[in-house]
Amino acid sequence: MEVDLSPKFAKKTNGGNGGYFSTWSPSELPMLGKGNIAAVKLSLLNNGFVLPHYADSSKVGYVLQGSGVAGIILPESEEKVIAIKKGDALALPFGTVIWFYNKEDTELEVIFLGDTSKAHKSGEITAFNLAGTNAIFTGFSSEFLARAFDLDEDFVTALIQNQPGHEIIKLEENFKLPEPNNEHRRGIALSCDEVPLYVDVKNGGRLVVLNTKNFPILGEIGLGADLVTLEGNAMFSPGFSCDSALRVTYIVRGSGRVQVVGADGRKVLETDLNAGCLFIVPRFFIVSKIANPEGMEWLSVITTPDPVFSHLAGRTSVLMALSPQVLQASFNVDSDVIRRIRFGTSDAIFFPSRN
């Protein structure tokens, strides 16, 4: 039975008056379950506060819009409070406790893509909240809680039950949370604007790669990422992951078209792409994209911290590495055709519009 590869949009699932979460379901996007990948988007309103929680998945986050504050406690570490803004990437290993706060009028949006190979449900992230109506402490008896906190049973029961909110709440305007410390960002947050461009083609596009060289904590998480900006009507070269990694792609802005080809030269997907949709390319399948006139930007998370890709067109392609004689024999064409293929473009990965 063939797997549906068509892009899907997230659906709002839960939250409160301070914001909400949206998720992609494995039942609607089967490749999530097959690839052990989950995707969640946080939308946090003014004075919205995400209650402290941890999850059963390591994950990479990317700030799509707005700015805010995050509190992060890595395993066996102290709380680190950091400022986050559009373009920031976050790396959250297993067992990380985190909270978010947005004091600005602009909505804060963060997308998380996580590895669910060790999660309770394949293709889904399960959160364990430390406070709120579904907090983990609500499941313990007053006796256990009193002994754990060394407090009176009635007091500790009232403490645990006093928060009526669920996952996301709205704080009072004058409520003061810890101020962010820029030093705390080191190792867990990275501005993609400050990462040197991996590829930059005029009128074609730009590529930022996040791997263990510029973001070492990704080695612990087991995920890598890239951020691609494709100029209007430009093309992203056909290519594939040659290290058996899955590529989960979220369209950040703009629109365009995509084609995916699988085994035996069979096209398995041809469709439009729009901001907010997510799709997954199976292992070793070839994918290529062309932007519409307004251009297109996407974030891809790859299921290895140091991904390796092969491209099939352009200056750095596999075809360029093959000798002219091998190409001539393989395609059954004369040497003039091969010469045109090999010297027809000086661009790599991105091909500007011909218009």
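I count a charge as sitting over a ring if NZ of Lys or CZ of Arg is within 6 Å of the ring centre and within 35 degrees of the ring normal. With that in hand I looked up Lys289, which lies over the face of Trp298 at 4.2 Å from the ring centre. Lys12 lies over the face of Tyr20, also with 4.2 Å to the ring centre.

Ground rules: this is a predicted model, where local features need pLDDT of at least 70, side-chain atom pairs count only at pLDDT 80 or more, and totals for chains, interfaces and linings use all residues. Numbering starts from 1 along each chain as its sequence is written, and side-chain values use heavy atoms, with hydrogens and water left out.

Next I searched for aromatic pairs (rings of Phe, Tyr and Trp, the last by its six-membered ring, with centres within 6.5 Å; planes under 30 degrees apart are stacked, over 60 edge-to-face, the rest tilted). The whole structure has eight. Phe100 and Phe112 have ring centres 5.8 Å apart and planes at 55 degrees, so I noted the pair as tilted. Both Phe100 and Phe112 are buried (under 20% relative accessible area; exposed is over 50%, partly exposed in between; 1.4 Å probe, protein chains only). Phe140 and Phe144 are stacked, at 6.4 Å centre to centre and 25 degrees between the planes. Phe140 is partly exposed at 47% relative accessibility, while Phe144 is exposed at 53%. I also found Trp298 again, in one aromatic cluster with Phe236 and Phe350.

Last, I checked Ser22: buried or exposed? It counts as buried, because its relative accessibility is 7%.
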